[in-house]
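Trainee: I am new to this one and would like to learn how its descriptions are reached. Could we look at it together?

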Amino acid sequence: MLAQMKDIQLPPEVSAWPPAPWVWPVLAILLGLLALGCWRLLKYRAAKQALLKPRVSALALLASLSPTEPAFAFALSALLKRVAMSYYPRAQIASLTGDSWAEFLASRYPNKQGFDVFQQMAQAAYRQEPLEAKQAEAMKQQAQLWIASLPHKPLATDTISGEAKAC
């Protein structure tokens, strides 16, 4: 009788293919979420690059300025004013000259030692005589640090339409 018994019969293994019917909608939803995430990431990176573009181009223009030029202080002040108008309201910046311009630059600068340099720059902008090399290099260095310390998000608004500028 024992010899007539058969071994335990196991059912055949379940194949992974074709997958269960619920797998296809879940897979479609996951791919959709992945595509949406990639699109949002690309959009975020493009917006971030657009915000950094004025700063990057200003740093490139600053690097092209030579401290030995006779009108270096004027060119540096003009560059800083253009950059400031990209980040702050034009009506607030455009009329600033001399000490008020230096005070504005120093107030938006985390290092308070820069006020003297900005004040020298504002005063030297309209002089005919060239600056000393050490003084010009200090101005350039402070300007570079000032540009690098600008906020990530421009604060400027178009005074005519009242819309935020995308710089």
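Trainee: At what angle do α2 and α6 pack, and how far apart are their axes?

Mentor: Keep in mind that this is a predicted model. In it, α2 and α6 pack at an angle of about 5 degrees, and their axes lie 11 Å apart.

Trainee: What makes α2 roughly parallel to α6?

Mentor: Angles under 35 degrees count as roughly parallel. The angle here is about 5 degrees, so α2 is called roughly parallel to α6.

Trainee: Which residues meet in that contact?

Mentor: From α2 come F72, A73, L76, L80, V83 and A84, and they meet A136, M139, K140, A143, W146 and I147 of α6. By kind, the residues of this contact divide into 11 nonpolar, no polar and 1 charged.

Trainee: Why is α2 described as largely enclosed by the rest of the structure?

Mentor: Buried means under 20% relative accessible area. In α2, 12 of the 16 residues are buried, so the helix is largely enclosed. Among the buried ones are L79, K81, M85 and Y87.

Trainee: What covers the buried residues of α2?

Mentor: The cover includes α1, α3 (90–93), α4 (98–107), α5 (114–124) and α6.

Trainee: How do you know whether S77 counts as buried or exposed?

Mentor: S77, found in helix α2, has 10% relative accessibility, and because the limit for buried is under 20%, S77 counts as buried. Leaving aside residues up to four places away in sequence, S77 touches W101, M121 and A125.

Trainee: And why is A75 called partly exposed?

Mentor: A75 is in helix α2 too. Its relative accessible area is 24%.

Trainee: How does the span of α2 compare with the expected one?

Mentor: Helix α2 reaches 23 Å from its first C-alpha to its last, close to the 22 Å expected at 1.5 Å a residue.

Trainee: What about α1, how far does it reach?

Mentor: Helix α1 (residues 23–64) has 42 residues and reaches 59 Å from first C-alpha to last, close to the 62 Å expected.

Trainee: Where does α1 bend?

Mentor: The bend is at L52, by about 40 degrees, and a proline, P54, follows within four residues. Both L52 and P54 are buried, as are R55, A58 and L62. What covers the buried residues of α1 includes α2 (72–87) and α6 (133–148).

Terms used. Residues are numbered from 1 along each chain as its sequence is written. This is a predicted model: local features need pLDDT of at least 70, side-chain atom pairs count only at pLDDT 80 or more; totals for chains, interfaces and linings use all residues. Side-chain values use heavy atoms; hydrogens and water are left out. Helices (H or I, at least four residues) and strands (E, at least two) are DSSP runs, numbered from the N terminus. The expected span of a helix is 1.5 Å times one less than its number of residues. The bend at a residue is the angle between axes fitted to the seven residues ending there and the seven starting there. Buried means under 20% relative accessible area, exposed over 50%, partly exposed in between (1.4 Å probe, protein chains only). Contact means heavy atoms within 4.5 Å. Axes are lines fitted to C-alpha atoms, for helices over the stretch in contact, and angles run from 0 to 180 degrees between N-to-C directions. Angles under 35 degrees count as roughly parallel, over 145 as roughly antiparallel, 65 to 115 as roughly perpendicular and the rest as oblique. Ala, Val, Leu, Ile, Met, Phe, Trp, Tyr, Cys and Pro count as nonpolar, Asp, Glu, Lys and Arg as charged, and the others, Gly among them, as polar.
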